[in-house]
Amino acid sequence: MTFIKDQQFDGNPNAIRDTNHYVKEYAATLVEKWDELIGWDQRAASEGDFFIEQLKSRNVKYVLDVATGTGFHSVRLLEAGFEVTSADGSAEMLAKAFDNGRFRGHVLRTVQADWRWLNRDVHGEYDAVICLGNSFTHLFSEHDRRKALAEYYASLKHDGVLIIDHRNYDSILDQGFSSKHTYYYCGDQVTAEPEFIDDGLARFVYKFPDQSAYHLNMYPLRKNYMHRLLREVGFQAIHTYGDFQETYREQEPDFFIHVAEKEYQQH
Ligand SMILES: C[S@@+](CC[C@H](N)C(=O)[O-])C[C@H]1O[C@@H](n2cnc3c(N)ncnc32)[C@H](O)[C@@H]1O
């Protein structure tokens, strides 16, 4: 197994709990491999039209994809007829997303923007903001999480919706890791597993068939904690799906998907 040096985890890798580190983690070579990891076709088949239906049922037209990555959801939503703006803090990722879009006959509207100051670089009001693929887990301080959510909230229209997901870290922290390997990281012969886990760090290793291995350091978000943050920043109603299902046992899903409504509700 070859551990990739250009990711720059110097010293004790378990000590790196820093929001800014995501730019270094998504090194050029990992960006190149990301699509092997997620497997676009299998991923599209496994999530079906879940996001498209969530958005269509709310008459969404303008979507801001704040964690574009290599462009999987931006491209799917463009193809489903939505007007999509594709943002990400990583220039490497956006370049790859742009190429992926071109390859499929689209010109992505890309903006390089960090979530913590999103509205400095992204202007306009959106019907929906999406932050998918276990991306929010890259924020390591509560201050950064609150600021990012406040920035998403501000970029939504008064009745807009935020769709945000993360791994079922409750289950990983409380029961240990197991994965159906069915959703999100669907690539053949690619594994994604935690190497280290405590209340403040989930360090995952991703292994590829060519024997290369990459790491991502992430913050293990608990579901109830996410609910509290979403409420406190102003979202009025939050509905959480487990692996795209409305009903599930708490420990079962690999991923949680929160659909958070901005429109004011009288209680
Ligand atoms: C796990 S990837 C997911 C990409 C894509 N949504 C998917 O599902 O395949 C996370 C993305 O979030 C971006 N990201 C992480 N922290 C960020 C931040 N603070 N501001 C902007 N983008 C960030 C990374 O650059 C990366 O492209």
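**Figure 1. Gln211 in the loop between E8 and E9.** The model shown is predicted: local features need pLDDT of at least 70 and side-chain atom pairs count only at pLDDT 80 or more, whereas totals for chains, interfaces and linings use all residues. Residues are numbered from 1 along each chain as its sequence is written. Helices (H or I, at least four residues) and strands (E, at least two) are DSSP runs, numbered from the N terminus. Gln211 has a positive phi, near 75°, although this residue is not a glycine. Most residues other than glycine have a negative phi. The view shows Gln211 as exposed, with 8 other C-beta atoms within 10 Å. Burial is assigned by the number of other C-beta atoms, placed from the backbone, within 10 Å of a residue's own: buried at 20 or more, exposed at 12 or fewer, partly exposed in between.

**Figure 2. Phe244 in the loop between strands E10 (237-242) and E11 (255-261).** Phe244 is another residue other than glycine with a positive phi, again near 75°. It is partly exposed, with 18 other C-beta atoms within 10 Å.

**Figure 3. Ile257 in strand E11.** Ile257 is buried and has 22 other C-beta atoms within 10 Å. Its contacts (C-beta atoms, placed from the backbone, within 7 Å), leaving aside neighbours within four places in sequence, are Ile163, Asp165, Thr240, Tyr241 and Phe244. Gly242 is 15 residues from Ile257 in sequence, and their C-alpha atoms are 6.4 Å apart in space.

**Figure 4. Tyr183 in the loop between helix H9 (169-175) and strand E7 (191-198).** With 19 C-beta neighbours inside 10 Å, Tyr183 is classed as partly exposed. Beyond four places in sequence, Tyr183 is in contact with Ser46, Glu47, Asp243, Asp254 and Phe255. Glu195 is 12 residues from Tyr183 in sequence, yet the C-alpha to C-alpha distance between the two is 20 Å.

**Figure 5. Helix H2 (residues 28-38) and its packing partners.** The buried residues of H2 are Leu30, Lys33, Trp34, Leu37 and Ile38. Viewed down the axis of H2, these buried residues fall within an arc of 140°, so they line one face of the helix; the arc is that of the directions from the helix axis to the C-beta atoms. An α-helix has 3.6 residues a turn, so residues three or four places apart point the same way. Ala28 and Glu32 are exposed on the other side of H2. The buried residues pack against helices H3 (40-47) and H5 (72-79) and against strands E8 (201-207) and E9 (212-218). After H2 comes Gly39, with a positive phi near 60°.

**Figure 6. Helix H5, a mostly covered element.** Seven of the eight residues in H5 are buried, namely Phe72, His73, Ser74, Val75, Arg76, Leu77 and Leu78. Gly81 follows H5 and has a positive phi, near 100°.

**Figure 7. The largest nonpolar core.** A nonpolar core is a set of buried Ala, Val, Leu, Ile, Met, Phe, Trp, Tyr and Cys residues joined through C-beta atoms within 7 Å. The largest one has 67 residues, of which Val63, Val66, Ala128, Val129, Cys131, Leu162 and Ile163 touch the most other members. Not counting residues up to four places away in sequence, Val66 touches Ala87, Trp115, Leu118, Val129, Cys131 and Tyr152.

**Figure 8. Phe136 in the loop between strand E5 (126-131) and helix H8 (142-154).** Phe136 counts as buried, with 24 C-beta neighbours inside 10 Å. Apart from neighbours within four places in sequence, its contacts are Cys131, Ile164, His166 and Leu221. Pro220 lies 84 residues from Phe136 along the chain, and their C-alpha atoms are separated by 9.9 Å.

**Figure 9. The shell around the ligand.** The ligand is surrounded by 20 residues, the closest being Gly69, Gly89, Ser90, Gly133 and Ser135. Eight residues of the shell are nonpolar, nine polar and three charged. Ala, Val, Leu, Ile, Met, Phe, Trp, Tyr, Cys and Pro count as nonpolar, Asp, Glu, Lys and Arg as charged, and the others, Gly among them, as polar.

**Figure 10. Context of the views within the protein chain, of which 42% of the 267 residues count as buried.** The chain contains 10 helices and 11 strands. Its C-alpha trace spans about 55 × 45 × 35 Å along the principal axes. Of the contacts with a separation of 6 or more, 68% are between residues 24 or more positions apart.

Notes: Contact = placed C-beta atoms within 7 Å. Near = placed C-beta within 6 Å.
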